Amino acid sequence: MDIISQLQEQVNTIASLAFNTFGTLQRDAPPVRLSPNYPEPPANPTEIALNISEQPKLMSAALVKAAKQFDVLVAALPVSEGDEEAQLKWIAELQAENEEVGQELQRQLEAAEMELKQVQELFNQAADNCLNLKKPD
């Protein structure tokens, strides 16, 4: 997998972890009284509260680990050399080289097609000569 695909996968992982973390926090957060006009919310059982207090730590650790992995992947990206002008010049050079190679390939293709025609003509002549040498019984 190339570095860009790895980065995309890591972004997806971070998004998934964040989504799950926020959803879990929202689901498991203890109820809070919004106004004195509302009744007091019911309290959570203490055994569930112990599990809930550990979950944010584990989820935040997973998010931090994923973010650090993303930073490692970003650091592995190749460094851009030069400014935009230098990069455009490099692209133009590569395009010119590509054009030259394409023309050379075209010349080689045409030469191969001519050689194939010659071989086919020689084969046809050889086949005709073999048929002409054979005398009917």
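What follows is a walk from the overall fold to single residues.

Mentor: Ground rules before we start. This is a predicted model, where local features need pLDDT of at least 70, side-chain atom pairs count only at pLDDT 80 or more, and totals for chains, interfaces and linings use all residues. Residues are numbered from 1 along each chain as its sequence is written, and side-chain values use heavy atoms, with hydrogens and water left out.

Trainee: Fine. How many helices and strands does the protein chain have?
Mentor: It has 3 helices and 0 strands. Read from the N terminus, the order is α-α-α. Helices (H or I, at least four residues) and strands (E, at least two) are DSSP runs, numbered from the N terminus.

Trainee: What share of the residues is buried?
Mentor: Of the 137 residues, 9% are buried. Buried means under 20% relative accessible area, exposed means over 50%, and partly exposed is in between, with a 1.4 Å probe and protein chains only.

Trainee: And the accessible surface of the chain, what does it come to?
Mentor: About 12000 Å², with 60% of it belonging to carbon and sulfur atoms. Those areas come from the Shrake-Rupley method with a 1.4 Å probe; for residues, only the protein chains shown count as cover.

Trainee: What about contacts between residues 24 or more positions apart?
Mentor: They account for 74% of the contacts with a separation of 6 or more. Contact means heavy atoms within 4.5 Å.

Trainee: Show me some in helix H1. What does Ile-3 touch?
Mentor: Ile-3 is in helix H1. Leaving out neighbours within four places in sequence, it contacts Leu-73, Ala-76 and Leu-77. Ile-3 and Leu-77 are 74 residues apart in sequence, yet their C-alpha atoms are 7.0 Å apart.

Trainee: Next, Leu-7. Which residues does it touch?
Mentor: Phe-70, Leu-73, Val-74 and Leu-77, again not counting residues up to four places away. Leu-7 lies in helix H1 too. At 11% relative accessible area, it is buried. Its C-alpha is 9.7 Å from that of Val-72, 65 residues away along the chain.

Trainee: Gln-10 is a polar one. Where does its side chain go?
Mentor: A polar atom of the Gln-10 side chain lies 3.0 Å from the backbone oxygen of Ala-66. That pair is a polar contact: N or O atoms within 3.5 Å, one able to donate a hydrogen and the other to accept it within protein, with residues adjacent in sequence counting only if both atoms are side-chain atoms. Gln-10 is in helix H1 and is buried, at 13%. Beyond four places in sequence, Gln-10 touches Ala-66, Gln-69, Phe-70 and Leu-73.

Trainee: And Thr-24, which backbone oxygen does its side chain reach?
Mentor: The one of Asn-20, at 2.7 Å. Thr-24 sits in helix H1, residues 3-28. It is buried, with a relative accessible area of 11%.

Trainee: Change of topic. How many salt bridges are there?
Mentor: The count is 1 salt bridge, meaning a side-chain nitrogen of Lys or Arg within 4 Å of a carboxyl oxygen of Asp or Glu. Arg-107 pairs with Glu-104, and the closest N and O atoms are 2.7 Å apart. Side chains of opposite charge can pair when their charged atoms come close.

Trainee: Where do Arg-107 and Glu-104 lie?
Mentor: Both are in helix H3, residues 84-133, 3 residues apart, about one turn of the helix. Arg-107 is partly exposed at 46% relative accessibility, and Glu-104 is partly exposed at 34%.

Trainee: What does UniProt place at residues 91-129?
Mentor: An unreviewed UniProt entry gives "coiled-coil region" there. UniProt positions follow the numbering used here, feature names are shortened, and annotations may be inferred rather than shown by experiment. In the model, residues 91-129 are 100% helix and 0% strand, with the end C-alpha atoms 56 Å apart.

Trainee: Last one. Which residues make the nonpolar surface patch?
Mentor: Leu-88, Trp-90, Ile-91 and Leu-94, over about 410 Å². Patches are made of residues with over 30% relative accessible area and no salt bridge; like charges are joined within 9 Å, nonpolar side chains (Val, Leu, Ile, Met, Phe, Trp, Tyr) within 5 Å. Trp-90 is in helix H3 and counts as exposed, at 52% relative accessibility.
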